[in-house]
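I opened my notebook for a friendly walk through one structure. Here is what I looked up, entry by entry.

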Amino acid sequence: MITVTDDTTPATTPRFSDLALGEPLQRALQEKNYTIPSPIQAQTIPHLLEGRDLIGIAQTGTGKTAAFALPILHRFAAHPRRLSPKRPRALILAPTRELAIQIGQSFAAYGKHLKLSHLTVFGGVNINPQIHALQRGIDILIATPGRLMDLASQRCVSFEDVEVFVLDEADRMLDMGFINDVRKIVSRLPSQRQSLLFSATMPPAIQELAASMVRNPQRVEVTPAATTVERIEQQVCHVEHGQKRAALAHFIHAHPEGLVLVFVRMKHMANKLVEQLGKDGIRAEAIHGNKSQAARQRALENFRTGRSRVLVATDIAARGIDVKGISLVLQHDLPEEPESYVHRIGRTARAGKEGKAIAFCGPDERHLLRDVQRTIRQTVPVLEGLPFCSVVSAETLERDSSPRSGSQGGGRFGFRPARRGNQPPAHGRSGSRFGRGGIDRR
Ligand SMILES: Nc1ncnc2c1ncn2[C@@H]1O[C@H](COP(=O)(O)OP(=O)(O)OP(=O)(O)O)[C@@H](O)[C@H]1O
Ligand SMILES: [Mg+2]
């Protein structure tokens, strides 16, 4: 049975001090100036402290990381165990290396007054230090699935003692790009465990699979899945492809304060834009899956510190990444997966801040805009009056969005099933990263 909690506001706003979290955690929270738990934290932490399985849905930037990290740290601190080699007590899976690193940093920050150990493992770097660290023993393991499978197949990690299992960005982890690894990992976990799934989106097609990962879960939906953050001022700019460069430079120049994150669909396009922006007098860096791990981390770090104000990214930076000061998200291309739109724009307006998101929509991307609007259940206001903005009539939009229209390529792999909105897809799950023999272009 799934119990649903709605977002009814409690009579009094709870404070962290009202939650049954131990003193060392309370102290760490005070030092971070957190006093009021966010709704997802207030609504999930009590259930998690009771050991319940849980599916947690809340908008981007609303503190889902602490919602799962704090109860894990509390539980392990309350029931300490001697470290045993290769056997973590908690396993957290995340879809990208940078997100895994960030989650590790959150555990370090919240757990700074506790004697618990954590380790983050991910691909693209030397495996040996990870093997040695596992051998020494750790309490909390944060991992990307590929490297974790490598470590497991070399018998460098054992899941026998896992008490808590977390899928952050759960819908992505259950998507075709990861599901095989995730299934293998889950099959090795003890059946007696606590399982937690968190995301801002949960496509209907993934829900059944998600439900199969948890036992008698509490379901906490602070807002319906794929709800965008109200504080993001969203706009779409219809633009001919030849005009996207001018549009990009315009919006970056017109936005001199704050960090600007630009999303593109393809890796090669990220490099190309960095070069073009450079010629247009804008220093930018790129992050995508073809860069070395060191270059990826360096680009993100330079962006975090403001050394480069503009970062051009593929969807590897769309989910979970928390960089303070991003005030504008530009989408040079609309995403193939409508949920990505929610995550991409969610890199701004985090933790109560304001932000702006402008998406470019080329003539062959109108069906993608339609999919996004169905998914977010909103019409994105159209930006007009700038030299590069085309005016597109409602009839043209409608015509170009229809599946029979010749103006679009029919999806990334030449196959775009009718789907989304709140309708289940006609052909099972689809549109995934490696779907139908496709290649990963991120
Ligand atoms: N109770 C709180 N009070 C103040 N700030 C908070 C609180 N909880 C979390 N934060 C901060 O809010 C920001 C967003 O948190 P987090 O990254 O966990 O969001 P999220 O819900 O996981 O978002 P996403 O869906 O994008 O992954 C972080 O900078 C975090 O430090
Ligand atoms: Mg998150």
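**Entry on the ligand**

How far does a polar side-chain atom of Thr65 lie from an oxygen atom of ligand 1? I found 2.6 Å for this pair. I call that a polar contact, meaning a pair of N or O atoms within 3.5 Å; within protein, one must be able to donate a hydrogen and the other to accept it, and residues adjacent in sequence count only if both atoms are side-chain atoms.

Before going on, I noted that this is a predicted model, in which local features need pLDDT of at least 70, side-chain atom pairs count only at pLDDT 80 or more, and totals for chains, interfaces and linings use all residues. Residues are numbered from 1 along each chain as its sequence is written, chains are lettered from A and ligands numbered from 1 in the order in which they are written, and side-chain values use heavy atoms, with hydrogens and water left out.

Back at ligand 1, I looked up two further side chains. Lys64 has an N or O atom of its side chain 2.7 Å from an oxygen atom of the ligand. For Arg347, the corresponding distance to an oxygen atom of ligand 1 is 2.8 Å. I then checked the cover: on its own, ligand 1 has 640 Å² of accessible area, and the protein covers 88% of it. Such areas come from the Shrake-Rupley method with a 1.4 Å probe; for residues, only the protein chains shown count as cover.

How many residues surround ligand 1? I counted 20, and the closest are Tyr34, Gly61, Lys64, Thr65 and Asp322. Here a residue is near a molecule or strand if one of its heavy atoms lies within 4 Å of it. I sorted the shell into 5 nonpolar, 9 polar and 6 charged residues. In this sorting, Ala, Val, Leu, Ile, Met, Phe, Trp, Tyr, Cys and Pro are nonpolar, Asp, Glu, Lys and Arg are charged, and the others, Gly among them, are polar.

**Entry on aromatic rings**

I searched the whole structure and found 6 aromatic pairs. Rings of Phe, Tyr and Trp (its six-membered ring) pair if their centres lie within 6.5 Å; planes under 30 degrees apart are stacked, over 60 edge-to-face, and the rest tilted.

Why is the pair of Phe16 and Tyr34 stacked? The ring centres are 6.4 Å apart and the planes meet at 25°, so the pair gets that label. The two residues are 18 apart in the chain: Phe16 is in the loop between β1 (3-5) and α1 (23-31), and Tyr34 in the loop between α1 and α2 (39-49). Helices (H or I, at least four residues) and strands (E, at least two) are DSSP runs, numbered from the N terminus.

Phe16 is buried at 2% relative accessible area, whereas Tyr34 is partly exposed at 30%. Buried means under 20% relative accessible area, exposed over 50%, and partly exposed in between (1.4 Å probe, protein chains only).

Next I looked at Phe68 and Phe198, whose ring centres are 5.6 Å apart with planes at 45°, so this pair is tilted. Phe68 sits in helix α3 (residues 64-78) and Phe198 in strand β7 (residues 194-199), so the pair ties together parts 130 residues apart in sequence. Phe68 is buried, at 0% relative accessibility, and Phe198 is buried with a value of 0%.

I also noted one aromatic cluster, formed by Phe16, Tyr34 and Tyr110. Elsewhere, Arg89 lies over the face of Phe76, 4.2 Å from the ring centre. A charge sits over a ring if NZ of Lys or CZ of Arg is within 6 Å of the ring centre and within 35 degrees of the ring normal.

**Entry on single residues**

Is Ser212 buried or exposed? I found Ser212 exposed, at 52% relative accessibility. Ser212 belongs to helix α9 (residues 204-212), and a polar atom of its side chain lies 2.6 Å from the backbone oxygen of Leu209.

I looked up two backbone angles as well. Lys86, a residue other than glycine, has a positive phi near 70°; Lys86 lies in the loop between α3 and β3 (90-93) and is partly exposed at 28%. Glu169 has a positive phi near 55°; Glu169 is in the loop between β6 (164-168) and α7 (170-173) and is buried at 5%.

Val372 is buried at 0% relative accessibility, and its C-alpha is 4.6 Å from that of Pro338, 34 residues apart in sequence.
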